[in-house]
Amino acid sequence: MPSHDLRRLDSADLIIVTGASPMAAAPGGELTAALHRAVGRGSTVAALCTGAFPVAATGLLDGRRATTHWSAAAELARRYPAVKVDPDPIYIVDGPVATSAGSSAAIDLCLHVIRREFGAAVANRVARELVVPPHRSGGQAQFAPTTVPVVDAGPGLAELLDWAVQHLAADLSVEALAGRAAMSARTFIRHFTAATGTTPAAWVRDQRIRRAEELLERDGATVTSVARRSGFGSADTLRRHFRRARGVTPEAYRAAFRMLP
């Protein structure tokens with residue numbers, strides 16, 4: 001339960017707006033005014049996860065970059081078109097207003113604020129108490145699930161997709177997949193796109209990224225081995241595609257998400 005009323009905001013250097021499920025209603029005029037006064041005198045307002053919604057409702061995010069949990073990003077953009085919603089980063093600091101993705105990203109944002117105000121030593125000590133990585137860049141991707149639903153794929157294409165997932169290190173070019181489906185390349189691309197909503201190349205790349213994630217989380221193999229087993233062939237190719245898709249290197253992903261025995 002709160003121990004202070006809204007007058008406490010007039011002397012606060014940092015105001016954290018937490019997320020809620022279901023999402024909190026838009027704040028009233030008194031709270032909106034208090035948040036604007038705080039930002040006006042130089043305080044930081046940090047919205048954690050879906051806390052971005054009530055902050056956006058105050059207008060404080062208008063014209064600013066902001067993020068939220070990946071599953072709510074589209075709704076945030078729909079409700080508040082003046083906000084520059086970016087669903088990828090784990091947190092964003094734009095001037096006096098900061099926003100974060102879900103629970104772990106909220107911790108990352110809070111550690112960033114601690115590091116900014118008190119230095120790395122204090123932030124590292126807090127991270128150690130929480131048993132979390134001491135620093136993850138705000139530009140790191142949220143690692144949202146990217147599975148593309150298959151719509152009315154039909155038994156032949158569904159079987160082919162199942163086979164491809166089990167053989168990601170094989171030749172999965174359009175020509176090779178079309179041959180297995182007994183179609184011309186042009187016909188295969190048309191059927192595939194209609195069924196999945198994406199191209200064969202994009203689908204294969206996504207499946208290979210997901211397999212690489214699993215191996216990096218659960219396996220002690222080298223990045224070169226992960227690249228080969230996930231179908232990317234070389235470590236350089238894996239790094240290029242992984243960074244483009246997830247915003248970090250495979251090594252950084254492993255350091256943050258490795259499952260300990």
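Me: What is His 241 in contact with, leaving aside its neighbours within four places in sequence?
Reply: Bearing in mind that this is a predicted model, His 241 is in contact with Arg 205, Ile 209 and Phe 232 once its neighbours within four places in sequence are left aside.

Me: And where is it found, I mean His 241?
Reply: His 241 is found in helix α11, a helix that covers residues 235-246.

Me: Is His 241 buried or exposed?
Reply: His 241 is buried, because its relative accessible area is 17% and the cut-off for buried is under 20%.

Me: What about Arg 239, which residues does that one touch?
Reply: Arg 239, which also has its place in helix α11, touches Val 223, Pro 250 and Glu 251, if residues up to four places away in sequence are not counted. For Val 223, which is 16 residues apart from Arg 239 along the chain, the separation between the two C-alpha atoms is 8.7 Å.

Me: How does Arg 239 count, with a relative accessible area of 31%?
Reply: Arg 239 counts as partly exposed, because its relative accessible area of 31% falls between the 20% limit for buried and the 50% limit for exposed.

Me: Val 223 belongs to which helix?
Reply: Val 223 is in α10, the helix of residues 223-230. The axes of α10 and α11 come within 8 Å and cross at roughly 80 degrees, which means that α10 is roughly perpendicular to α11.

Me: Which residues make that contact between α10 and α11?
Reply: On the α10 side they are Val 223, Thr 224, Val 226 and Ala 227, while α11 contributes Ala 235, Leu 238 and Arg 239. Sorted by class, the residues of this contact are five nonpolar, one polar and one charged.

Me: Which residues in α10 are buried?
Reply: The buried residues in α10 are Val 223, Ser 225, Val 226, Ala 227 and Ser 230. Just after this helix comes Gly 231, which takes a positive phi of about 100 degrees.

Me: Which residues other than glycine have a positive phi?
Reply: Among them are Cys 49, with a positive phi of about 55 degrees, and Ala 182, whose phi is near 60 degrees.

Me: Where do Cys 49 and Ala 182 lie?
Reply: Cys 49 lies in the loop between β2 and α2, whereas Ala 182 lies in the loop between α7 (174-180) and α8 (185-196). Ala 182 is exposed, because its relative accessible area is 73% and the cut-off for exposed is over 50%.

Me: Changing topic: at what angle do α4 and α5 pack?
Reply: Helix α4 (residues 103-118) and helix α5 (residues 120-130) pack at an angle of about 150 degrees, and their axes are 7 Å apart. The two helices are therefore roughly antiparallel to each other, and their crossing is right-handed.

Me: Which residues meet there, in α4 and in α5?
Reply: From α4 there are Ile 107, Leu 111, Ile 114, Arg 115 and Phe 118, and these meet Ala 120, Val 122, Ala 123, Val 126, Ala 127 and Leu 130 in α5. By class, this contact of α4 with α5 has 10 nonpolar, no polar and one charged residues.

Me: How many residues does the largest nonpolar core have?
Reply: The largest nonpolar core has 22 residues, and those with the most contacts inside it are Ile 15, Val 45, Val 55 and Leu 61. Two or more residues of this core are given by each of β1 (14-17), α1 (29-40), β2 (44-47) and α2 (52-57).

Me: And which residues does Val 55 touch?
Reply: Not counting residues up to four places away in sequence, Val 55 touches Val 17, Val 45, Ala 47, Leu 60, Leu 61 and Val 97.

Me: Where is Ala 12 found, and what is it in contact with?
Reply: Ala 12 is found in the segment before β1, and, with neighbours within four places in sequence left aside, Ala 12 is in contact with Arg 41 and Ser 43. Ala 12 counts as buried, because its relative accessibility is 10%.

Me: Last one: how many helices and strands does the chain have?
Reply: The chain has 12 helices and six strands, and buried residues make up 40% of its 261 residues.

Notes: Residues are numbered from 1 along each chain as its sequence is written. This is a predicted model: local features need pLDDT of at least 70, side-chain atom pairs count only at pLDDT 80 or more; totals for chains, interfaces and linings use all residues. Side-chain values use heavy atoms; hydrogens and water are left out. Helices (H or I, at least four residues) and strands (E, at least two) are DSSP runs, numbered from the N terminus. Buried means under 20% relative accessible area, exposed over 50%, partly exposed in between (1.4 Å probe, protein chains only). Contact means heavy atoms within 4.5 Å. A nonpolar core is a set of buried Ala, Val, Leu, Ile, Met, Phe, Trp, Tyr and Cys residues joined through side-chain atoms within 4.5 Å. Axes are lines fitted to C-alpha atoms, for helices over the stretch in contact, and angles run from 0 to 180 degrees between N-to-C directions. Angles under 35 degrees count as roughly parallel, over 145 as roughly antiparallel, 65 to 115 as roughly perpendicular and the rest as oblique. Ala, Val, Leu, Ile, Met, Phe, Trp, Tyr, Cys and Pro count as nonpolar, Asp, Glu, Lys and Arg as charged, and the others, Gly among them, as polar. A crossing is left-handed if the near helix is turned anticlockwise from the far one by less than a right angle, and right-handed if clockwise.
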